[in-house]
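Welcome! Take a look at the structure first, then read on.

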Amino acid sequence: MSDAPTDNRFTRPIRSFVKREGKLTTGQQNAIDDLWSTQGVDLGSEQLDLDKLFGRSAQVVLEIGFGNGLSLADMAEAHPETNFFGIEVHRPGVGSCLVQAKKRKLTNIRVSGDDAVLVLNQQIPDESLDRIQIFFPDPWHKKRHYKRRLIQPDFVNNLVKKLKTGGQIHVATDWQHYAEHVLAVLTTNADLENSVADAPKASHFLSEEGEVLKSSEMWAEEFKPAQSSRPPEGSQTAEGYEPTDSPLLSRGAAEKPAYRPHTKYEARGIRLGHGVWDLVFDRTA
Ligand SMILES: C[S@@+](CC[C@H](N)C(=O)[O-])C[C@H]1O[C@@H](n2cnc3c(N)ncnc32)[C@H](O)[C@@H]1O
């Protein structure tokens with residue numbers, strides 16, 4: 001049985017993705033055929049030896065949900081000294097990433113085509129990663145779908161375990177409501193610290209009982225935006241929305257780190273008039 005969280009009504013795992021098979025192009029299939037034996041990672045129940053997997057000892061960056069893999073390939077090309085492990089459930093995305101790896105002769109990329117929740121639980125050793133990056137995760141913008149968002153307290157606990165002390169989690173999103181949720185979940189994790197000085201503290205996101213507040217409740221007096229600029233929770237359902245003033249995010253989001261390339265989904269968000277927020281946290285304990 002999988003370790004993914006379950007929805008008791010249906011006793012099946014709640015997944016952060018909908019599996020769209022999509023057809024592989026010939027180039028993608030050829031790249032998978034050529035490179036899978038050396039650069040692909042099958043799901044297994046044994047922990048991986050990352051030095052052995054990459055054939056060298058170096059810093060390891062894990063990217064979850066790399067989409068078409070172009071930005072992962074850009075990073076791998078720009079940082080040949082670093083090992084990049086990518087996980088993406090969309091098979092044409094895996095194929096497209098390997099097309100780039102083949103074309104650019106990138107030997108510092110390994111890819112998995114399985115659910116990151118399983119790969120993390122079963123295959124990634126604790127304290128083995130220098131950075132985990134999740135760029136533009138599916139926002140699941142309808143309220144009834146929030147439970148499908150990848151960034152949840154339990155999942156983040158697991159991510160933190162996989163980081164070395166001093167390692168980083170970097171999440172970027174163009175959905176303001178999700179950005180606030182991510183900021184709350186990362187800030188309230190006791191082993192993480194926002195890389196931004198003077199960022200909002202955990203107390204801004206917790207109820208008196210110690211529960212993480214819902215986005216609509218987390219507007220402590222200090223951070224309240226003008227009432228008129230606040231969209232009602234769950235209202236970002238249309239293709240576009242006007243980003244509103246978010247004092248929490250203006251204090252808690254980082255400058256875009258230079259290593260993060262622009263991604264396909266980021267470009268889409270910008271076209272639709274969305275804002276972009278980078279949330280960068282360090283593992284301190
Ligand atoms: C909105 S796309 C963003 C893609 C890319 N990072 C970008 O910015 O262009 C989110 C991606 O995450 C993948 N994904 C979602 N949940 C996943 C999971 N649990 N494991 C692996 N991939 C996942 C989806 O298949 C999708 O390709």
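In which sense do strand S5 (residues 83–87) and S6 pair, and over how many bridges? They pair in the parallel sense, over four bridges. Within this pairing, Phe 84 has Ile 109 in S6 as its bridge partner. To get from S5 to S6, the chain passes through helix H4 (residues 91–103), and this β-α-β crossover is right-handed.

Before going further, please keep in mind that this is a predicted model.

**The overall picture**

The protein has 285 residues, and buried residues make up 40% of them. Its secondary structure comes to nine helices and ten strands. Among the contacts with a separation of 6 or more, 75% are between residues 24 or more positions apart.

**The sheet**

Eight strands form an open sheet with mixed pairing, in the order S3-S6-S5-S4-S7-S8-S10-S9. Why is one side of S3 and of strand S9 (192–194) left without a neighbour in the sheet? Both stand at the edges and each has a single partner strand, so there is no neighbour on one side.

For S3 (residues 40–41), the pairing is with S6: the two run parallel and are joined by two bridges. Here Val 41 stands opposite Ser 112 in S6. Strand S6 itself (residues 109–112) sends Ile 109 and Val 111 one way and Arg 110 and Ser 112 the other way, and all of these are buried.

| Strands | Bridges | Residues facing each other |
|---|---|---|
| S3 and S6 | two bridges | Val 41 and Ser 112 |
| S5 and S6 | four bridges | Phe 84 and Ile 109 |
| S4 and S5 | five bridges | Ile 64 and Ile 87 |
| S4 and S7 | three bridges | Glu 63 and Gln 133 |
| S7 and S8 | six bridges | Leu 129 and Leu 163 |

Six of its seven residues are buried, so S7 is largely enclosed by the rest of the structure. Together with H6 and S8, strand S7 makes a right-handed β-α-β unit.

**Helices against the sheet**

Helix H3 (residues 70–78) lies across S4, S5, S6 and strand S7 (129–135), and runs at about 170° to S5. Helix H7 (residues 176–187) lies across strand S8 (163–173), S9 and strand S10 (277–283), with an angle of about 10° to S10. In H5, the buried residues are Ala 116, Val 117, Val 119, Leu 120 and Gln 123. The buried residues of H5 pack against S4, S5, S6 and H6.

Now let us follow two residues that touch each other. Where is Ile 151 placed? Ile 151 is in the loop between S7 and helix H6 (153–162). Although it is in a loop, Ile 151 counts as buried because 21 other C-beta atoms lie within 10 Å, and 20 or more is the cut-off for a buried residue. Leaving aside neighbours within four places in sequence, Ile 151 is in contact with Pro 137, Val 156, Val 171, His 181, Val 182 and Val 185. One of these, His 181, is 30 residues from Ile 151 in sequence, with 8.3 Å between their C-alpha atoms.

Not counting residues up to four places away in sequence, Val 182 touches Ile 151, Val 171, Thr 173 and Leu 279. Val 182 and Val 171 are eleven residues apart along the chain, and their C-alpha atoms are separated by 7.8 Å.

**Around the ligand**

Which residues come nearest to the ligand? Of the 23 residues around the ligand, they are Gly 65, Gly 67, Ala 116, Phe 136 and Thr 263. Two elements give two or more residues to this shell: helix H5 (116–123) and helix H9 (264–271). The most comes from H9, with three residues. By kind, the shell divides into twelve nonpolar, six polar and five charged residues.

How values were computed
Residues are numbered from 1 along each chain as its sequence is written. This is a predicted model: local features need pLDDT of at least 70, side-chain atom pairs count only at pLDDT 80 or more; totals for chains, interfaces and linings use all residues. A residue is buried if 20 or more other C-beta atoms lie within 10 Å of its own, exposed if 12 or fewer, and partly exposed in between; C-beta atoms are placed from the backbone. Two residues are in contact if their C-beta atoms, placed from the backbone, lie within 7 Å. A residue is near a molecule or strand if its C-beta atom, placed from the backbone, lies within 6 Å of it. Ala, Val, Leu, Ile, Met, Phe, Trp, Tyr, Cys and Pro count as nonpolar, Asp, Glu, Lys and Arg as charged, and the others, Gly among them, as polar. Two strands pair if DSSP finds at least two bridges between them. A crossover is right-handed if, with the strands pointing away from the viewer, the path from the first strand over the helix to the second runs clockwise. Axes are lines fitted to C-alpha atoms, for helices over the stretch in contact, and angles run from 0 to 180 degrees between N-to-C directions.
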